[in-house]
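Here is a model to read through questions. Look at the chain before going on.

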Amino acid sequence: MRLLIVEDEKDLANVMKKGLQEQSFTVEAAYDGNEGLYMAENYEFDAIILDIMLPGMDGLTLLKKLRTSGRTVPVILLTARGDVEDRIAGLNIGADDYLPKPFEFSELLARLRAVIRRNKGHSASLLALGDLEVDVNAHEVTRDGREIHLSAKEYMILEYFLLNIGRIISRSELIAHVYGTDFDLDSNVIDVYINYVRNKVDKGFTKKLIHTVRGSGYIMKQG
Ligand code: CA
């Protein structure tokens with residue numbers, strides 16, 4: 001899952017980035033409002049963490065521009081503690097949630113996962129397809145009750161598939177969401193990882209869950 005952090009306090013941005021990367025997110029950071037808007041308009045993200053007080057363009061203006069242009073990416077606003085006006089303005093413009101500074105990293109993580117799930121139409125922290133279950137908080141994967149061990153990259157691929165059940169996902173979309181913009185687009189590498197995931201998830205089961213769509217990419221579905 002790929003995130004954008006727009007935050008001009010570089011220390012805070014980098015702490016969040018590092019922590020979220022450790023939780024298997026791919027994270028890009030922008031340090032002012034204009035750069036943030038450019039990134040948000042030109043790349044795909046699964047959620048945006050957006051500070052309100054930013055140089056260049058403030059967070060509320062940035063959010064308004066995104067929503068006006070029809071982008072529904074979930075946005076969590078970072079607000080100054082006690083600033084009720086900003087929170088109300090933010091929610092009215094289309095923020096999905098807000099977090100007053102200073103905050104605990106664990107709360108950011110929980111809120112982030114919640115807005116991403118809601119945006120994709122899931123409400124529980126358990127993603128499932130048939131007998132495959134993924135606990136997104138614990139990163140635990142089981143099929144037919146048996147635990148499956150995945151590497152961090154394999155987990156990121158499977159989680160992205162499960163959040164997009166029934167939709168064809170191209171290799172380039174998967175690379176963008178799993179590796180981010182810095183990655184040199186080599187679809188052979190992604191195919192190798194997907195094969196690892198398929199071997200662990202589907203091998204030995206009659207019902208395959210990950211399917212190749214010739215010329216287009218992959219789709220996760222039953223049968
Ligand atoms: Ca700021």
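This is a predicted model: local features need pLDDT of at least 70, side-chain atom pairs count only at pLDDT 80 or more; totals for chains, interfaces and linings use all residues.

Residues are numbered from 1 along each chain as its sequence is written, and side-chain values use heavy atoms, with hydrogens and water left out.

Q: Which residues of helix α3 are buried?
A: Helices (H or I, at least four residues) and strands (E, at least two) are DSSP runs, numbered from the N terminus. Buried means under 20% relative accessible area, exposed over 50%, and partly exposed in between (1.4 Å probe, protein chains only). Helix α3 spans residues 59–68, and its buried residues are Gly59, Leu60, Leu62, Leu63 and Leu66.

Q: Why do the buried residues of α3 line one face of the helix?
A: Take the directions from the helix axis to the C-beta atoms; these define the arc. Seen down the axis of α3, the buried residues line one face because they fall within an arc of 160 degrees.

Q: Which exposed residues does the face of α3 turned away from its buried side carry?
A: The buried side of α3 has its cover, which includes β1 (2–6), α2 (33–42), β3 (47–51), β4 (75–80) and α4 (84–93). Contact here means heavy atoms within 4.5 Å. The face turned away carries Lys64 and Thr68.

Q: Which residue caps the N-terminal end of α3?
A: Look at the backbone nitrogen of Leu60: a side-chain oxygen lies 3.0 Å from it. That oxygen belongs to the capping residue, Asp58.

Q: Which residues are the protein donors of the calcium ion?
A: Donors are N, O and S atoms within 2.8 Å of the metal (3.2 Å for Na, K and Ca); water is not among the atoms, so sites may look incomplete. In sequence the donor residues are spaced D-x42-D-x1-M. Lying 2.1 to 2.3 Å from the ion, they are Asp8 (OD), Asp51 (OD) and Met53 (O).

Q: Is Met53 buried or exposed?
A: Asp51 is buried, with a relative accessible area of 4%. Met53 has 63% relative accessibility, so Met53 counts as exposed.

Q: How many residues apart are Lys101 and Glu7?
A: A salt bridge is a side-chain nitrogen of Lys or Arg within 4 Å of a carboxyl oxygen of Asp or Glu, and the structure holds 14 salt bridges. In one of them the side chains of Lys101 and Glu7 meet (2.9 Å, N to O). Lys101 is in strand β5 (residues 97–101) and Glu7 in the loop between β1 and α1 (10–22), so the pair links parts of the chain that are distant, 94 residues apart.

Q: What separates Arg111 and Glu107 in helix α5?
A: The side chains of Arg111 and Glu107 meet in a salt bridge (2.9 Å, N to O). Arg111 counts as partly exposed at 27% relative accessibility, and Glu107 does at 33%. Being 4 residues apart in α5 (residues 105–119), they are separated by about one helical turn.

Q: Which residues does Glu173 touch?
A: Glu173 is in helix α7 (residues 171–178). At 18% relative accessibility, Glu173 counts as buried. Not counting residues up to four places away in sequence, Glu173 touches Tyr160, Arg167 and Ile168.

Technical notes: A polar contact is a pair of N or O atoms within 3.5 Å; within protein, one must be able to donate a hydrogen and the other to accept it, and residues adjacent in sequence count only if both atoms are side-chain atoms.
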